[in-house]
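Subject: Structure handover

Hello,

Here is the structure you were expecting. Please open it next to this message and follow along.

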Amino acid sequence: IWVSINVTNCTDGVDGLCANICSVVLVSFAVLFTNELAEYVSISFILVAVLLAYLYFNSSPSSMLMGDAGSRALGFYLAILAMKSGHPFAYLLLALMLILDGGLGLVKVFLLRFLKISILKNTRTPLHDHARKNKNWSDSQVVFRFTMLQMIFAIVAYLILSFFR
């Protein structure tokens, strides 16, 4: 739960990034685990509708922020979905862009503080900052490319789970 909350919060740094990726993750959980999640499926689709409305009225440049309250609530709900699905490790693939974007910074700081290991010195964290500042991607490029990667991960998860069912 802690990891999900924090990686989602760290991803909320570019207009629309967290909402886009979380929408893909929510739909993925709802489609892949319809039977296991039961009433959570309709809640997930309502939340996706709310996120899409937020994105529609809050296109770049944003006029309001999701903030910690919104991003942490999304992370908490994603963790609940992962646990209720009965397949908590599916979260690793279904939310991989969240984990990579927000989690890399958490790992980097943890290793430096507690083990005195310095890794990825030339990589800014979260990854969306690295892409914007070191790779010169625009905000819309970051949002589109990260969302597209999350969609690919969701398709891979679908293929893996359909193979084992």
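One cut-off comes up throughout: a residue is buried when its relative accessible area is under 20%, exposed when it is over 50%, and partly exposed in between. Please also keep in mind that this is a predicted model.

Start with S28. This residue is in helix 2. S28 is buried, because its relative accessible area is 9%, and the cut-off for buried is under 20%. Its side chain has a polar atom 2.7 Å from the backbone oxygen of V24. Setting aside residues up to four places away in sequence, S28 touches L94 and A154.

Next, the core. The largest nonpolar core has 40 residues. Which of them touch the most other members? They are F29, F33, L78, L81 and L98. Two or more core residues come from each of helix 2 (17-32), helix 4 (39-57), helix 5 (67-84), helix 6 (90-94), helix 7 (96-115) and helix 9. Helix 2 gives the largest share, 10 residues.

F29 is worth a click. Leaving out neighbours within four places in sequence, F29 is in contact with T34, L37, L81, A82, S85, Y91 and L94. One of these, L81, is also listed with F29 among the core residues that touch the most other members.

Now the charges. Side chains of opposite charge can pair when their charged atoms come close. How many salt bridges does a search of the whole structure find? It finds two. D129 pairs with R132, with the closest N and O atoms 2.9 Å apart. D139 also forms a salt bridge with R132, and here the closest N and O atoms are 2.8 Å apart. D129, R132 and D139 are therefore linked in a network, a salt bridge being a Lys or Arg side-chain nitrogen within 4 Å of an Asp or Glu carboxyl oxygen.

Where do D129 and R132 sit? Both are in helix 8 (residues 127-133), three residues apart, or about one turn of the helix. D129 counts as buried, at 18% relative accessibility. R132 is partly exposed, with a relative accessible area of 24%. D139 is partly exposed too, at 29%.

D15 and D139 are 124 residues apart along the chain, but their C-alpha atoms are 7.2 Å apart in space. D15 lies in the loop between helix 1 (2-11) and helix 2. Is D15 buried or partly exposed? It is partly exposed, with a relative accessible area of 26%. Beyond residues up to four places away in sequence, D15 touches S60, P61, S62 and V143.

T123 is in another loop, the one between helix 7 and helix 8. T123 is buried, because its relative accessible area is 19% and the limit is under 20%. Not counting residues up to four places away in sequence, T123 touches L104, K108 and H130.

Last, the surface. F144, M148, L149, I152, V156, I160, F163 and F164 form a nonpolar patch there. Together they have about 820 Å² of accessible area. One of them, M148, is in helix 9 (residues 139-164). M148 counts as partly exposed, at 37% relative accessibility.

Best wishes

Conventions:
Residues are numbered from 1 along each chain as its sequence is written. This is a predicted model: local features need pLDDT of at least 70, side-chain atom pairs count only at pLDDT 80 or more; totals for chains, interfaces and linings use all residues. Side-chain values use heavy atoms; hydrogens and water are left out. Helices (H or I, at least four residues) and strands (E, at least two) are DSSP runs, numbered from the N terminus. Buried means under 20% relative accessible area, exposed over 50%, partly exposed in between (1.4 Å probe, protein chains only). Patches are made of residues with over 30% relative accessible area and no salt bridge: like charges are joined within 9 Å, nonpolar side chains (Val, Leu, Ile, Met, Phe, Trp, Tyr) within 5 Å. Accessible areas come from the Shrake-Rupley method with a 1.4 Å probe; for residues, only the protein chains shown count as cover. A nonpolar core is a set of buried Ala, Val, Leu, Ile, Met, Phe, Trp, Tyr and Cys residues joined through side-chain atoms within 4.5 Å. Contact means heavy atoms within 4.5 Å. A polar contact is a pair of N or O atoms within 3.5 Å; within protein, one must be able to donate a hydrogen and the other to accept it, and residues adjacent in sequence count only if both atoms are side-chain atoms.
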